[in-house]
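Hello,

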Amino acid sequence: MDRAGANPFRVIGQLRAKLKMNAAAVQVPIGAESDLAGVVDLVRMKAIYNEGTKGNQIVESDDIPESVRAFAEEKRAELIEMLSEADETLCDLFLNEEPISNLDIAQAIRRATVALKFTPVFVGSAIKNTAVQPLLDGVCAYLPNPGEINNQALDPTLPSHAPPVPLAAASDAPLVGLAFKLEEGRYGQLTYMRVYQGELRRGMVIYNARTGKKVKVPRLVRMHSNEMEVSVYMLVLGDELTSRTSSRSLPVKSVPCLVSSAPREIPSTTVPPHTRW
């Protein structure tokens with residue numbers, strides 16, 4: 001929203017027209033471009049501002065500015081209408097003209113989003129740190145947790161037409177993870193990891209299913225932006241942490257999938273790039 005000519009509702013219109021998505025805004029901005037001051041949460045009907053150093057202090061208010069109040073009420077009604085097309089429970093309340101609470105809307109957004117029938121749209125500015133925290137709250141509130149997704153993997157040792165291997169959302173299962181980003185910087189080479197099954201521990205030897213090589217994980221750290229926050233011992237299902245490896249372990253241009261190599265019965269699996277997490 002800090003860019004010149006920022007218009008989120010034009011983008012929402014494109015989502016509907018070009019991508020055929022059932023999309024609606026869950027926030028409206030307070031101001032735009034250099035005048036962006038905050039956002040209005042359409043689910044709870046609260047104004048959210050970022051104050052303090054780098055906008056780290058979040059201030060919520062029930063007093064929505066008069067300049068956007070009518071527009072926010074209009075977009076909230078549109079949100080409920082679009083949600084009713086994707087969620088039967090909310091549709092019944094909407095058609096029967098029964099009262100619809102904030103909780104009803106939030107639960108409907110989650111059900112419809114998990115079912116891939118609705119796309120909630122957030123607004124904000126990363127450079128100004130405006131409405132970034134509500135976006136992250138929305139990720140936790142509306143997107144599925146690891147146990148709600150049926151992930152599958154491919155065994156590269158089998159023919160290409162072999163059936164995929166189902167993954168279990170369990171920490172005691174064999175490790176299956178994806179190195180989705182590699183970064184060379186002041187901390188050396190960092191490999192950003194996402195775990196789909198099992199656990200990744202510091203000092204563990206893992207197997208690169210693409211190259212067939214073993215890699216030892218000397219250190220696991222948690223990154224906050226470009227700062228290294230803290231070292232951790234274990235990476236579990238649903239976490240995204242950083243593994244610090246030597247430059248010889250993982251070539252910069254590769255994005256391998258990693259699997260525990262200890263027991264021989266563990267299949268070498270590769271998570272397909274289209275897996276939704």
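What follows is a short account of helix packing, salt bridges and a surface patch.

Please keep in mind throughout that this is a predicted model.

Helix 2, which covers residues 66-84, packs with helix 3, residues 88-95, at an angle of about 120 degrees, and their axes are 8 Å apart. Because angles of 65 to 115 degrees count as roughly perpendicular and those over 145 as roughly antiparallel, helix 2 is oblique to helix 3. On the side of helix 2 the contact involves Ile-80, Glu-81, Leu-83 and Ser-84, which meet Leu-90, Cys-91 and Phe-94 of helix 3. Sorted by class, the residues of this contact are 5 nonpolar, 1 polar and 1 charged.

Helix 3 also packs with helix 4, residues 102-114, at an angle of about 140 degrees and with the axes 9 Å apart, and this makes helix 3 oblique to helix 4. In this contact Thr-89, Leu-90 and Leu-93 from helix 3 meet Asp-104, Ala-108 and Arg-111 from helix 4, which gives 3 nonpolar, 1 polar and 2 charged residues.

Turning to charged pairs, a search of the whole structure finds 10 salt bridges. One of them joins Arg-16 to Glu-78, with the closest N and O atoms 2.8 Å apart. Since Arg-16 lies in helix 1 (residues 8-17) and Glu-78 in helix 2, the pair ties together parts that are 62 residues apart in sequence.

Finally, there is a nonpolar patch on the surface, formed by Leu-135, Leu-136, Val-139 and Leu-143, which together have about 310 Å² of accessible area. Of these residues, Leu-136 is found in helix 5, residues 132-142.

Best wishes

How values were computed: Residues numbered from 1 in each chain as written. Predicted model: local features only at pLDDT ≥ 70, side-chain atom pairs only at ≥ 80, totals over all residues. Heavy atoms only, no water. Axes fitted to C-alpha atoms, helices over the stretch in contact; angles between N-to-C directions. Helix = DSSP H or I, 4+ residues; strand = E, 2+ residues; numbered from the N terminus. Parallel < 35°, antiparallel > 145°, perpendicular 65-115°, else oblique. Contact = heavy atoms within 4.5 Å. Nonpolar A, V, L, I, M, F, W, Y, C, P; charged D, E, K, R; others polar. Patch = residues over 30% accessible without salt bridge, like charges linked within 9 Å, V, L, I, M, F, W, Y side chains within 5 Å. Areas by Shrake-Rupley, 256 points an atom, 1.4 Å probe, with all protein chains shown as cover. Salt bridge = Lys/Arg side-chain N within 4 Å of Asp/Glu carboxyl O.
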